[in-house]
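Colleague: I am new to this structure and would like to know what stands behind the labels put on it. Please show it to me, and then I will ask.

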Amino acid sequence: MAELDLGRHCQVEHCRQRDFLPFVCDACSGIFCLEHRSRESHSCPEVTVIHERLKSDAHSSYPCSFKGCAERELVPVICPYCEKTFCLRHRHQSDHECEKLEVPEPRMAATQKLVKDIIDSKTGQTASKRRKGAKNSATAAKVALMKLKMHADGDQSLPQTERIYFQVFLPKGSKEKSKPMFFCHRWSVGKAVDFAAASASLKNDNNKFAAKKLRLCHVTSGQALPLDHTLESWMAKEACPLHSGGNVILEYLSDDEQFLQDVDSYFE
């Protein structure tokens with residue numbers, strides 16, 4: 001009876017052990033015993049290739065120059081201003097605090113200064129008086145805001161950073177002349193009107209078609225603020241803006257009235 005040829009010899013030169021259940025390497029397709037079945041144990045040539053490729057990739061990547069960032073990119077991302085290399089997250093000038101970043105002047109600052117200079121030259125106002133007047137106005141505004149914060153009604157769950165304070169002058173004929181209140185700067189004018197009406201116990205027919213509507217009006221221009229605008233958008237306006245600590249007027253107006261008449265009478 002012929003001898004059965006079972007198993008295979010390990011291909012590692014110093015081993016050559018016959019294994020009846022040999023292992024085939026899925027990388028180099030070699031035949032190995034249990035002890036040399038891993039790629040590292042039989043010095044698989046594919047492992048060497050992979051290591052060389054990783055070394056090559058490491059040399060061809062580009063580190064980010066931003067302090068504390070360890071990111072690398074396969075292609076160089078160079079700032080055209082300081083000519084340093086950065087990762088995608090820090091590629092913009094503002095993101096990597098570029099040494100050649102030019103800070104633009106505030107929008108409309110030059111125009112506002114020109115208009116102010118023209119007005120001052122017409123009135124003959126001196127620079128010292130301007131500084132004194134501005135300082136007094138700023139101080140008065142801070143004092144007014146502090147007083148409002150002490151007595152204002154509002155939603156106490158609102159964070160302090162989201163509150164905007166007003167002295168709200170109530171419709172003529174109301175029991176109170178005015179009332180300090182605060183609203184969320186992200187609220188619409190319509191929501192602020194509803195809140196003010198509830199706080200001052202005022203009749204609010206803003207949801208009725210033919211009735212006069214409660215409107216929030218600007219004290220300087222007398223304009224009824226559009227109900228769908230946000231308070232924040234009016235705080236950012238360059239002409240007749242709202243400001244925290246200022247005054248607003250709450251009054252009933254018909255649908256065709258967009259401006260309040262005789263604004264001064266509310267402050268007498």
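Modeller: The chain exposes about 18,600 Å², and 54% of that area comes from carbon and sulfur atoms. This is a predicted model. Its secondary structure comes to five helices and 10 strands. Of the 268 residues in the chain, 30% are buried. Among contacts with a separation of 6 or more, 40% join residues 24 or more positions apart.

Colleague: Why is Phe20 called exposed?

Modeller: The relative accessible area of Phe20 is 57%. Exposed means over 50%, so Phe20 is exposed. Phe20 sits in the loop between β2 (18–19) and β3 (23–24).

Colleague: What makes Leu6, Phe20 and Leu21 a nonpolar patch?

Modeller: Nonpolar side chains are joined into a patch within 5 Å, provided that each residue has over 30% relative accessible area and no salt bridge. Phe20, at 57%, is over that limit. Together, Leu6, Phe20 and Leu21 have about 370 Å² of accessible area on the surface.

Colleague: What is the largest nonpolar core made of?

Modeller: The largest nonpolar core has 28 residues. Those with the most contacts inside this core are Val168, Phe183, Leu216, Leu231 and Leu250. At least two residues come from each of β7 (163–169), β8 (178–184), α4 (189–199), β9 (213–218), α5 (231–235) and β10 (246–253). The most come from α4, which gives five residues.

Colleague: Which residues does Val168 touch, leaving aside its neighbours within four places in sequence?

Modeller: Val168 is in contact with Lys177, Ser178, Lys179, Met181, Phe183, Val248 and Leu250. There is also a second, separate core of eight residues, which includes Phe169, Leu253, Leu260 and Val263.

Colleague: How do you know that Glu162 and Arg186 form a salt bridge?

Modeller: The N to O distance between their side chains is 2.7 Å. The cut-off is 4 Å, so the pair of Glu162 and Arg186 qualifies. Glu162 lies in the loop between α3 (127–151) and β7, and Arg186 in the loop between β8 and α4, so the pair ties together parts that are 24 residues apart in sequence. A search of the whole structure finds seven salt bridges.

Colleague: Are Glu162 and Arg186 buried, partly exposed or exposed?

Modeller: Glu162 has a relative accessible area of 18%. Buried means under 20%, so Glu162 is buried. Arg186, at 48%, falls between 20% and 50%, so Arg186 is partly exposed.

Colleague: What makes Lys203 and Asp205 a salt bridge?

Modeller: Their closest N and O atoms are 3.5 Å apart, and the limit is 4 Å. Lys203 counts as exposed because its relative accessibility of 58% is over 50%. Asp205 has 13%, which is under 20%, so Asp205 is buried. Lys203, Asp205 and Lys208 are linked in a network of salt bridges.

Colleague: How far apart in sequence are the parts that Asp255 and Lys213 tie together?

Modeller: The side chains of Asp255 and Lys213 meet in a salt bridge at 3.4 Å, N to O. Asp255 lies in the segment after β10 and Lys213 in strand β9, so the pair ties together parts that are 42 residues apart in sequence. Asp255, at 47%, is partly exposed. Lys213 has a relative accessibility of 11%, which is under 20%, so Lys213 counts as buried.

Key: Residues are numbered from 1 along each chain as its sequence is written. This is a predicted model: local features need pLDDT of at least 70, side-chain atom pairs count only at pLDDT 80 or more; totals for chains, interfaces and linings use all residues. Side-chain values use heavy atoms; hydrogens and water are left out. Patches are made of residues with over 30% relative accessible area and no salt bridge: like charges are joined within 9 Å, nonpolar side chains (Val, Leu, Ile, Met, Phe, Trp, Tyr) within 5 Å. Accessible areas come from the Shrake-Rupley method with a 1.4 Å probe; for residues, only the protein chains shown count as cover. Helices (H or I, at least four residues) and strands (E, at least two) are DSSP runs, numbered from the N terminus. Buried means under 20% relative accessible area, exposed over 50%, partly exposed in between (1.4 Å probe, protein chains only). A nonpolar core is a set of buried Ala, Val, Leu, Ile, Met, Phe, Trp, Tyr and Cys residues joined through side-chain atoms within 4.5 Å. Contact means heavy atoms within 4.5 Å.
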